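Subject: Structure for your review

Hi,

Here is the structure I promised to pass on. Please open it first, then read the notes below.

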Amino acid sequence: METFEEFVKRILTILFWFLLISPLIIFPVLFLLVPLLGIDVTLANEILTATIDPFKAIKLADRYGVGPSSTFFKVAAFPGFTFAALVATLVILYERKLMAKAQLRVGPLYAGRFEGVLQPIADLFKLLGKELVVPEKADKTFFWAAPILSLGLGAALLTVIPLSPTTYIARSEFSLLIPFAIIGFSPLVVLIAAWASSNKFAFIGGLRALHQLAAYEIPMLLSILGIVILTGSFDLMKIVEAQKDMWFIFPQFLAAIIFYITILSELERVPFDLPEAETEIVSGWLTEYTGMHFGLLQLGVYVKFYVLALLFTLLFLGGWNGPAFLPPIVWLLTKLFFVITMIIFPRAVLPRLRIDQLIRIGWAWLIALSFINLFIAVIESSLGVI
Amino acid sequence: MPSNLDTENQLVKSLTDQFKNKIKTEYVKHNRIKISTNQDNLKSLATSVKELGFEQVISHGGTDYPDNNVFRIEYHIICVSKKKLRSIMFSIMTEISKDTPEIETLIDIFPSAEFHEQETYENFGITFTGHPRMEKLLLPEDWDDIPPLRKDYILPGRG
Amino acid sequence: MQNAAMNIEDKGGDQLVLHVGPQHPGSGHFRIIVTVDGDYIVGAKPDPGYVHRGAEKMAEYRDYIQNIPHLERPVIIDATGVTLPYVLTAEKIIDVEAPDRAQYIRMIMAELNRIISHLYWLGIYGIFLGHSTMFMWPMGDRELFIDLAESIGGTRVTFSYVVPGGVRNDMPTNFKERALKTFDYFEKRIEEYKKIFFNNPLMSARTEGIGTMDKKDAIRLGITGSNLRACGIDSDTRKDETYCLYDRVDFEIPTRKEGDSYARCIVRLEELQQSMNIMKQVFDLIEPGPIKQVIGGVMRGEPGEAFVRTEAARGTMFYHIVSDGEKNPYRVKISVPSFRNLIGMTHLLVGSRLADMPAIYWSLDYWPVEADR
């Protein structure tokens with residue numbers, strides 16, 4: 001049995017020899033092999049200087065089409081997937097800390113020097129180290145597909161949503177419709193995961209997710225229709241620009257409430273966390289997922305969380321509009337932070353609803369209210385409020 | 001605390017009037033009445049006790065007496081709804097032979113005895129005729145030793 | 001499709017058999033086999049016994065003192081609630097009586113344990129309804145009462161504190177001040193519990209009218225404790241058949257007429273207040289004096305029998321001890337409240353929705369370890 005000290009010693013020894021030997025391999029490759037193959041010799045210098053000089057690194061990346069202004073960078077890093085995943089992990093940490101404070105606990109405390117800030121990284125390594133258990137009777141193809149689909153779905157949502165007038169991946173005249181078209185697919189991922197698990201509790205969870213879809217999908221779309229009537233556009237850019245003087249939360253207060261409730265339902269958060277109601281159906285559709293499978297499913301859900309919070313900010317809170325002393329993106333992120341808090345907080349104070357109660361809320365209340373909201377929008381539009 | 005002995009004596013008297021010498025009053029103490037009868041009269045005695053107002057079986061259990069070759073079966077019955085009878089615990093007792101451990105169930109009179117009788121069945125091997133679920137409740141399904149609460153079952157390591 | 005292996009039992013319809021437990025976050029050491037038709041439960045068969053250890057048989061091999069920690073084990077959450085009736089029964093067999101001061105300290109311990117047990121229940125009920133804050137708060141406040149009980153009994157949960165003839169040791173001198181401080185704090189917390197949980201419209205939507213038990217059914221099925229009082233019957237062994245010195249204190253029996261899950265919750269919440277009221281009165285009544293009647297040698301019972309019932313946290317705890325004059329009891333019969341409430345669970349679950357199962361199951365305060373013994 002290896003003691004901890006021996007373990008550390010072993011790792012340090014390996015590291016020492018690696019650092020000692022690696023230049024012996026890297027330098028010959030850079031200075032001998034690269035010129036032999038006919039590549040420009042200055043490149044080797046640039047690579048080495050780029051590792052310590054960020055500006056040179058950006059220049060180098062630009063030359064090969066992966067710089068900050070390239071499409072690849074936009075999709076992969078900012079404002080695309082990496083940024084969203086970063087926000088999602090921060091949301092997980094923030095949620096845990098906020099819940100802990102509400103419940104008179106301390107929450108994550110030990111990972112990282114300050115208030116457990118490195119806890120998401122610790123969690124990531126824990127999930128990476130776990131065995132991927134695939135049930136014997138599971139439908140293997142779809143069981144593996146569901147986590148990837150979940151994450152892919154979250155990433156696809158990011159394509160057309162702008163973060164500021166200049167920060168976006170792609171522009172579209174229908175940038176409001178596209179995210180909702182993609183979101184409509186998300187219960188199917190849940191159902192694929194549930195059915196492929198071949199587990200009764202997962203199956204019930206999947207069916208509940210479909211019921212939930214029926215309850216919230218229609219009011220969600222109807223609630224944003226009011227804004228479309230007011231602005232006459234499906235373009236998020238134009239919608240945000242239309243809020244220069246007044247945020248839409250004031251003329252469309254009812255729609256904001258409906259949209260907020262349907263966000264909670266879409267994200268399967270308390271009080272609508274029926275598909276993964278722990279004490280009733282174990283973990284619902286997540287029951288059979290372990291390790292990084294589970295991690296990817298959760299990451300997909302939290303990327304969706306980020307996107308929906310962002311949509312709420314853009315639609316109702318005026319997006320990046322704000323006094324000019326701060327750049328637009330800072331205003332956006334500030335509002336986003338507020339919306340995320342609002343979405344997290346019900347978990348601390350509300351119990352879970354039942355599926356019949358959810359459907360009653362969705363059909364009897366939210367749909368009726370969103371039609372009333374449509375009338376309000378029509379009246380406001382004809383009176384020229386906006 | 002006023003003594004309930006008058007009430008208790010009245011209760012016992014009404015039962016002895018009805019059953020004459022078929023029942024035997026073991027004792028009437030403060031808040032405790034115990035009446036024994038033979039195996040055949042247990043059901044009619046239980047019916048009469050229920051008519052007196054005692055409505056719940058709080059406990060039912062057996063005791064093994066290998067010397068006399070009998071099981072002693074007791075039902076402890078209480079009343080929760082009538083203030084006057086609440087303090088009294090009424091026990092009815094009977095003895096059945098270990099050779100034919102069979103007795104009629106009381107769950108049609110006291111539904112609350114259902115799981116208790118099931119427990120007595122698995123712990124003593126006493127069959128309650130008329131009970132809908134004479135099967136193992138607490139013991140493992142594959143228990144193949146003698147029923148554990150009999151005195152001839154010795155705990156492993158305690159022999 | 002490979003998924004034909006999913007094994008949905010064909011019951012001649014769209015019915016699905018679910019094994020809830022023993023490895024289920026909402027079951028405990030206990031299985032309940034439910035058959036669901038759509039969202040409705042059409043059959044429920046409880047399967048206890050996963051933690052059955054034969055406590056009654058093992059008690060026959062131990063003497064009266066050894067049996068105290070042994071019989072405490074099934075209900076460590078309510079340790080005094082389960083040892084007190086045993087000790088009272090043993091006292092009747094051995095024929096000793098505890099002095100007044102010991103009786104009062106026993107009452108304090110019993111009521112502290114009732115609060116500890118109820119708070120544990122409340123925490124689990126919160127998480128069963130998906131309310132995580134209501135899980136954390138009572139669990140945190142429970143520690144205060146555990147600290148109080150620890151200062152008397154010496155350990156956190158398994159005190160083995162009550163012994164035949166009295167109690168093991170006297171309570172600390174500053175106990176009254178500490179306890180009153182805790183009570184003051186906790187009375188404020190009860191109001192906060194009400195704000196966040198009991199008066200929460202979503203909580204009442206989940207529990208009101210769910211698992212309604214009729215008064216007649218409750219009596220017929222032998223339901224006991226808070227579950228019985230929630231049906232409108234003010235039966236409490238502490239008043240029905242006084243033990244210790246409960247006749248010298250004045251307290252109310254909280255009751256509700258509705259008999260649903262919410263009524264069972266609110267009755268338990270009010271019992272917390274009543275327990276504190278009892279303890280406050282005991283602090284005024286208690287006088288210095290001996291705490292134990294010392295019994296020399298090995299305790300031997302007179303040949304005979306005794307049965308005692310007391311009000312434990314979950315309902316009426318019943319002990320029946322038969323003695324043949326030896327140092328070990330001849331037969332110990334324990335009738336625990338959870339075991340008697342189990343029959344009500346089947347009764348309530350059939351016809352309700354699957355999502356209501358946790359709301360009904362834990363509102364009965366069923367403690368699998370206690371039921372299995």
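In α1 of chain B, the buried residues are B:Glu8, B:Leu11 and B:Leu15. Buried means 20 or more other C-beta atoms within 10 Å of the residue's own; exposed means 12 or fewer, partly exposed is in between, and C-beta atoms are placed from the backbone. Seen down the axis of α1(B), the buried residues fall within an arc of 65°, so they line one face of the helix. That arc is taken over the directions from the helix axis to the C-beta atoms. An α-helix has 3.6 residues a turn, so residues three or four places apart point the same way.

On the other side of α1(B), the exposed residues are B:Leu5, B:Asp6, B:Gln10, B:Lys13 and B:Asp17. The cover over the buried residues of α1(B) includes β1 (23–29), β2 (32–37) and α2 (42–51) of chain B. Helix α1(B) runs over residues 5–19, 15 residues in total, and reaches 21 Å from its first C-alpha to its last. That is close to the 21 Å expected at 1.5 Å a residue, where the expected span is 1.5 Å times one less than the number of residues. B:Lys20 follows α1(B) and has a positive phi, near 50°.

Some ground rules. This is a predicted model: local features need pLDDT of at least 70, side-chain atom pairs count only at pLDDT 80 or more, and totals for chains, interfaces and linings use all residues. Residues are numbered from 1 along each chain as its sequence is written, and chains are lettered from A and ligands numbered from 1 in the order in which they are written. Helices (H or I, at least four residues) and strands (E, at least two) are DSSP runs, numbered from the N terminus.

Next, chain A. Chain A has 17 helices and zero strands. Its C-alpha atoms fill a box of roughly 75 × 50 × 45 Å along the principal axes. Of the 386 residues in chain A, 40% are buried. Two residues are in contact if their C-beta atoms, placed from the backbone, lie within 7 Å. Among contacts in chain A between residues at least 6 apart in sequence, 73% join residues at least 24 apart.

Now chain C and its partners. The contact between chains C and A takes 32 residues from chain C and 28 residues from chain A. The chain C side that touches chain A divides into 19 nonpolar, ten polar and three charged residues. Here Ala, Val, Leu, Ile, Met, Phe, Trp, Tyr, Cys and Pro count as nonpolar, Asp, Glu, Lys and Arg as charged, and the others, Gly among them, as polar. The contact between chains C and B takes 33 residues from chain C and 26 residues from chain B. The chain C side that touches chain B has 13 nonpolar, nine polar and eleven charged residues.

Last, one residue in chain C. C:Arg314 lies in the loop between β6 and β7 of chain C. C:Arg314 is buried, with 32 other C-beta atoms within 10 Å.

Best wishes
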